[in-house]
Amino acid sequence: MASINENQSQGHESHHAGGAAHGSVKEYVTGLILSVILTAIPFGIVMSGSAGEVLSISLILLCAVGQIFVQLIYFLHMNTSSEQMWNNISGILAFILVAILIVGSIWIMQHLNHNMLMGH
């Protein structure tokens, strides 16, 4: 029985040693607090209506980008280490593909709108 428990505990330890690093409770709490703040700011701006339309949209987008970075750093533990290279490359690729999709869709809708309303 002792050898089975030793093998299981060694296998369990080696699983954590080779896996991805987990964050500390302090990192998770910091990420949670920053996420709540970055969510509350746009909510407060929209609910109060005190800022102009352009300023509101700009602050909402700025908080959204900040929220993305908080999620990537504090919860997904992405950093510039060599172990994270493939994660970073896939994140950059996903960002580029989404940007192409969004910009392309807006461009197509703009031109369709212009071409369909030429006679009116």
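The following questions and answers concern a predicted model.

Visitor: Which residues of helix α2 are buried?
Guide: Helix α2 covers residues 25-48. The cover over its buried residues includes α3. The buried residues of α2 are G31, S35, L38, P42 and I45.

Visitor: What distance does helix α2 reach from its first C-alpha to its last?
Guide: Helix α2 has 24 residues, and at 1.5 Å a residue the expected value is 34 Å. The model comes close to that expectation, and the reach of α2 is 34 Å.

Visitor: Which residue just after α2 takes a positive phi?
Guide: Helix α2 consists of residues 25-48. Just after this helix, a phi of about 65° is found, and the residue that takes it is G49.

Visitor: Is Q67 buried or exposed?
Guide: Q67 lies in helix α3, which spans residues 53-75. The cut-off for buried is under 20% relative accessible area. Q67 has a relative accessible area of 17%, so Q67 is buried.

Visitor: With which residues is Q67 in contact, leaving aside its neighbours within four places in sequence?
Guide: Helix α3 is part of what covers the buried residues of α2, and Q67 lies in α3. Two of the buried residues of α2, S35 and L38, are in contact with Q67.

Visitor: What does S56 touch, not counting residues up to four places away in sequence?
Guide: S56 also lies in helix α3, and with a relative accessibility of 11% it counts as buried. One of the residues it touches is I45, which is among the buried residues of α2.

Visitor: Which residues form the aromatic pair?
Guide: A search of the whole structure finds one aromatic pair. Its rings are 6.1 Å apart centre to centre with 15° between the planes, and the pair is stacked; its members are Y28 and F75.

Visitor: How many residues apart in sequence are the parts that this pair ties together?
Guide: Y28 is partly exposed at 32% relative accessible area, and F75 is partly exposed at 27%. Because Y28 lies in helix α2 and F75 in helix α3, the pair ties together parts whose separation in sequence is 47 residues.

Visitor: What separates the C-alpha atoms of H77 and H22?
Guide: H77 is found in the loop between α3 and α4. H77 is buried, with a relative accessible area of 18%, and its phi is positive, near 55°, in a residue other than glycine. H77 and H22 are 55 residues apart along the chain, and their C-alpha atoms are separated by 7.8 Å.

Visitor: Is I100 buried or exposed?
Guide: The place of I100 is in helix α4. Exposed requires over 50% relative accessible area. I100 has 56%, so I100 is exposed.

Visitor: How much accessible area does the nonpolar patch on the surface have?
Guide: I100 belongs to this patch. The members are I92, L93, F95, I96, L97 and I100, and together their accessible area is about 640 Å².

Key
Residues are numbered from 1 along each chain as its sequence is written. This is a predicted model: local features need pLDDT of at least 70, side-chain atom pairs count only at pLDDT 80 or more; totals for chains, interfaces and linings use all residues. Side-chain values use heavy atoms; hydrogens and water are left out. Helices (H or I, at least four residues) and strands (E, at least two) are DSSP runs, numbered from the N terminus. Buried means under 20% relative accessible area, exposed over 50%, partly exposed in between (1.4 Å probe, protein chains only). Contact means heavy atoms within 4.5 Å. The expected span of a helix is 1.5 Å times one less than its number of residues. Rings of Phe, Tyr and Trp (its six-membered ring) pair if their centres lie within 6.5 Å; planes under 30 degrees apart count as stacked, over 60 as edge-to-face and the rest as tilted. Patches are made of residues with over 30% relative accessible area and no salt bridge: like charges are joined within 9 Å, nonpolar side chains (Val, Leu, Ile, Met, Phe, Trp, Tyr) within 5 Å. Accessible areas come from the Shrake-Rupley method with a 1.4 Å probe; for residues, only the protein chains shown count as cover. A salt bridge is a side-chain nitrogen of Lys or Arg within 4 Å of a carboxyl oxygen of Asp or Glu.
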